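Here is a short briefing for a reader meeting this structure for the first time. Look at the model below, then read the points by topic.

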Amino acid sequence: MVYFDNAATTKPSEHAVKKAEKYLYEEFYNPSALYHGGLSASKSVKEAKETVLKNLGISSSEYEVVFTSCGTESDNQAVFCAVKRGVFVTDLGEHSAINKSFEELVRQKKEVAFVSLNSDGSVNFSELKKTVKEKKANFVSIMHVNNETGAINDISRIADELKKIDPNIVFHSDGVQAYGKIPFSFSKNLDMYSVSAHKIGGLKGVGALVKKRKLNLSPLIFGGGQENGIRSGTENVFGINVFRFAGEERYLDLKSNYDKVKKLNEYIRQNLDKEIFRVISGDNASPYVLCVSAVGCKGEVLMHALEEKGIIVGNGSACSSRNRYSRVLKACGYDEKILDGVLRISFSPDNTMEEAISFAVKANGCAKKLKGIMN
Ligand code: PLP
């Protein structure tokens, strides 16, 4: 089976799982316990936090890591626990983890603004600046890499510019599709950054929120006071360590992985039949995500046809596949003919050129056949 739905989830890294295995069977102790085994588990969690900070190129004197159960929880923690009143600003391209949290803010009668997108799914930067200035925003959340189109927002520059408008703005970014994939320089003006393990060879059920130490966060989950009282619940020590080793692996080869995946992405872009397929992802998008539309086909039907031929791709975001059209791609301005045929091909460094070649041949063949049937 060829797997091209890595933005939905990735196959766990066997190497990382093996390295972490001792925390599953031998050192299974509760990291809050004061005997030796507990202390060792707790030390490994601390080291995992240092790995996240090191990977992002930031220092533990300024930033700290809160482990959570997933990227969604990290996003919720950021939206609901840093700023309690005032004006909240985001954009129309966010993953549901942010989008639905903002809908909840609306329900709570908070003042909220959604900024529009460019056609590639990146945020309209001038509108963002204008909105933040005019509305005197207190909290802003803009994603790093869009999970549907791969559009990259220059979040360090955005954070720098917004802090020039008002240094007290709390700025958060959802980095779930960027961490372990995209090289970038982390601005000191970024207050919070969400990441998730299962997008980079870790396990489902582990995420993290990177936060400025001096930023106060109230808890979202109350209990035993783990994670400095911000996120109670016994830590998933095994999952956290798989995340740690998978992250180390990804950052060791970040540049070569990026170049490899870019070649696969470019091959597919160039070899899909231009009479059928329209590329939606911009030229500067993350190479890990390629959004295309088979105009005149139904994306879901094409996805199943490819599955029968041994190739798995996504049709839009996995989290929004129950809706007929992608809310995000609609906000990019695409019409129904294009929205109907959307496929998302998303890569991991484990994918090969043979797989990319096979995908292009089969996607062209299936789409042609479907178009013949559908027209
Ligand atoms: N944010 C983005 C951009 C995502 O792509 C996803 C998952 O697809 C999430 C958040 C949610 O992450 P998790 O599945 O770990 O809750």
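**Briefing**

The count of salt bridges comes to 22, a salt bridge being a side-chain nitrogen of Lys or Arg within 4 Å of a carboxyl oxygen of Asp or Glu. The model is predicted: local features need pLDDT of at least 70, side-chain atom pairs count only at pLDDT 80 or more, and totals for chains, interfaces and linings use all residues. Residues are numbered from 1 along each chain as its sequence is written, and side-chain values use heavy atoms, with hydrogens and water left out.

**Salt bridges**

- Side chains of opposite charge can pair when their charged atoms come close.
- Glu14 and Lys11 meet through their side chains in a salt bridge, at 3.5 Å from N to O.
- Glu14 is exposed, because its relative accessible area is 59%; here exposed means over 50%, buried under 20%, and partly exposed in between (1.4 Å probe, protein chains only).
- Lys11 is exposed too, with a relative accessible area of 57%.
- Lys130 pairs with Glu134 in another salt bridge, where the closest N and O atoms are 3.8 Å apart.
- Both Lys130 and Glu134 lie in helix α6 (residues 125-135), four residues apart, about one turn of the helix. Helices (H or I, at least four residues) and strands (E, at least two) are DSSP runs, numbered from the N terminus.
- An α-helix has 3.6 residues a turn, so residues three or four places apart point the same way.
- Lys130 counts as exposed at 52% relative accessibility, and Glu134 counts as exposed at 57%.
- Arg269 forms a salt bridge with Asp283, and their closest N and O atoms are 3.7 Å apart.
- This pair links distant parts of the chain, 14 residues apart: Arg269 is in helix α9 (residues 254-271), and Asp283 is in the loop between β9 (277-279) and β10 (289-294).
- Arg269 counts as buried at 17% relative accessibility, whereas Asp283 counts as exposed at 67%.

**Nonpolar cores**

- The largest nonpolar core has 47 residues. A nonpolar core is a set of buried Ala, Val, Leu, Ile, Met, Phe, Trp, Tyr and Cys residues joined through side-chain atoms within 4.5 Å.
- Leu56, Val89, Leu128, Val140, Phe171, Val210 and Phe243 touch the most other members of this core.
- Helix α3 gives the most to this core, with six residues.
- Another core, of 27 residues, lies apart from it, and its members include Leu272, Phe277, Ile311 and Ala367.
- Leu128 touches Val89, Val115, Val123, Val140, Ile142, Ile158 and Leu162, leaving out residues up to four places away in sequence. Contact means heavy atoms within 4.5 Å.

**Buried parts**

- Helix α4 (residues 71-81) is mostly covered, with ten of its eleven residues buried.
- Among the buried residues of α4 are Glu73, Asp75, Val79 and Phe80.
- Ser346 lies in strand β12 (residues 342-346).
- Ser346 is buried, because its relative accessible area is 0%.
- The side chain of Ser346 reaches the backbone nitrogen of Asn6 at 2.9 Å. A polar contact is a pair of N or O atoms within 3.5 Å; within protein, one must be able to donate a hydrogen and the other to accept it, and residues adjacent in sequence count only if both atoms are side-chain atoms.
- Beyond its neighbours within four places in sequence, Ser346 is in contact with Phe4, Asp5, Asn6, Ala7, Tyr288, Val289 and Asn351.

**Surface patch**

- Phe28, Tyr29 and Tyr35 form a nonpolar patch on the surface, and together they have about 330 Å² of accessible area.
- Patches are made of residues with over 30% relative accessible area and no salt bridge; like charges are joined within 9 Å, and nonpolar side chains (Val, Leu, Ile, Met, Phe, Trp, Tyr) within 5 Å.
- Accessible areas come from the Shrake-Rupley method with a 1.4 Å probe, and for residues only the protein chains shown count as cover.
- Phe28 sits in the loop between α2 (22-25) and α3 (36-56).
- Phe28 counts as exposed, at 52% relative accessibility.

**Backbone angles**

- Most residues other than glycine have a negative phi.
- Glu227 has a positive phi, near 50°, and is not a glycine.
- Asn228 is not a glycine either, yet has a positive phi of about 55°.
- Glu227 is found in the loop between β8 (207-212) and α8 (237-252), and Asn228 is found in the loop between β8 and α8.
- Glu227 is buried, with a relative accessible area of 8%, whereas Asn228 counts as exposed at 66%.
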